[in-house]
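Here is a quick tour of a protein chain for anyone who wants to find their way around it. Have the sequence and the 3D view open side by side as you read.

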Amino acid sequence: MKCIAKIWNMIYDGHRGLALSGALYVLLAIFFILQQQWDERILNGVNVWLKPTKFAISLVVFNWTLALILPLYPYSDTKRKRLGDLVTWLMVVEIGIIWLQAWRGKLSHFNMSTPLDQTLFQTMAASITVVLLIAGLLAVDAFRKKLRTSEAMVWSLRFGWISVL
């Protein structure tokens with residue numbers, strides 16, 4: 001338990017918003033898994049709650065990883081906080097729309113069938129574009145700036161960013 005508490009403290013100290021939203025996504029993933037048992041609606045051959053489940057799980061990993069690595073960058077506290085806050089809120093929008101579309105039994109991605117579906121998809125596209133631009137900034141700065149960690153970790157981050165982007 002001490003190890004889990006230590007990891008949680010590192011995540012929380014890295015960025016509170018990313019840490020707490022990641023915890024929310026753990027709860028959402030559990031909820032979405034349960035929904036798959038109760039709601040048997042199928043969309044494109046799979047349960048409507050499968051996509052929100054996968055997104056919730058991936059957002060736990062993404063947010064908590066970002067919370068752990070943001071402090072390694074030689075940014076001001078304000079810049080780190082703003083980047084983390086922006087990602088936090090944009091991903092809340094993203095998972096919220098995916099949840100709404102699952103509840104409605106509609107596709108969340110590439111759905112242009114109604115004006116509402118089109119607006120929701122375009123909102124998601126704009127959100128993820130900003131998140132990818134932030135990831136791009138972090139990737140470039142992993143090569144340009146002196147990070148506050150070991151050389152091995154710097155190269156791990158660089159290769160990690162290359163594989164993500």
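## The overall layout

The chain is built from 6 helices and 2 strands. Bear in mind that this is a predicted model. If you walk along the sequence, the order of elements reads α-α-β-β-α-α-α-α. The C-alpha trace spans about 50 × 40 × 25 Å along its principal axes. Of the 165 residues in the chain, 38% are buried. Take the contacts between residues at least 6 apart in sequence: 66% of them join residues at least 24 apart.

Let's look at how some of the helices sit against each other.

Start with helix 2 (residues 16-38) and helix 3 (residues 50-69), whose axes come within 8 Å and cross at roughly 160°. An angle over 145 degrees counts as roughly antiparallel, so helix 2 and helix 3 are roughly antiparallel to each other. Helix 2 passes helix 3 in a left-handed crossing. On the helix 2 side, the residues in contact include Leu18, Tyr25, Phe32 and Gln36, and on the helix 3 side they include Leu50, Thr53, Asn63 and Trp64. Sorted by class, this contact has 18 nonpolar and 5 polar residues, with no charged ones.

Next up is helix 5 (residues 115-144) with helix 6 (residues 151-164), where the axes come within 9 Å and cross at roughly 140°. That angle makes helix 5 oblique to helix 6. The crossing here is left-handed. From helix 5, Ala135, Leu138, Ala139, Ala142 and Phe143 take part, and they meet Val154, Arg158, Trp161 and Ile162 of helix 6. The residue classes in this contact come to 8 nonpolar, no polar and 1 charged.

Which residues are worth a click?

| Residue | Relative accessibility |
|---|---|
| Arginine 80 | 12% |
| Glutamine 35 | 13% |
| Serine 127 | 5% |

Arginine 80 belongs to helix 4 (residues 77-104). Is arginine 80 buried or exposed? At 12% relative accessibility, arginine 80 counts as buried. Leaving out residues up to four places away in sequence, arginine 80 touches His15, Leu70, Pro71, Tyr73, Tyr75 and Arg148.

Glutamine 35 is in helix 2, and its 13% relative accessibility is why it counts as buried.

Serine 127 has its place in helix 5. Serine 127 is buried, with a relative accessible area of 5%. Which residues does serine 127 touch, once those up to four places away in sequence are set aside? Its partners are Leu90, Val93 and Glu94.

Terms used
Residues are numbered from 1 along each chain as its sequence is written. This is a predicted model: local features need pLDDT of at least 70, side-chain atom pairs count only at pLDDT 80 or more; totals for chains, interfaces and linings use all residues. Side-chain values use heavy atoms; hydrogens and water are left out. Axes are lines fitted to C-alpha atoms, for helices over the stretch in contact, and angles run from 0 to 180 degrees between N-to-C directions. Helices (H or I, at least four residues) and strands (E, at least two) are DSSP runs, numbered from the N terminus. Angles under 35 degrees count as roughly parallel, over 145 as roughly antiparallel, 65 to 115 as roughly perpendicular and the rest as oblique. A crossing is left-handed if the near helix is turned anticlockwise from the far one by less than a right angle, and right-handed if clockwise. Contact means heavy atoms within 4.5 Å. Ala, Val, Leu, Ile, Met, Phe, Trp, Tyr, Cys and Pro count as nonpolar, Asp, Glu, Lys and Arg as charged, and the others, Gly among them, as polar. Buried means under 20% relative accessible area, exposed over 50%, partly exposed in between (1.4 Å probe, protein chains only).
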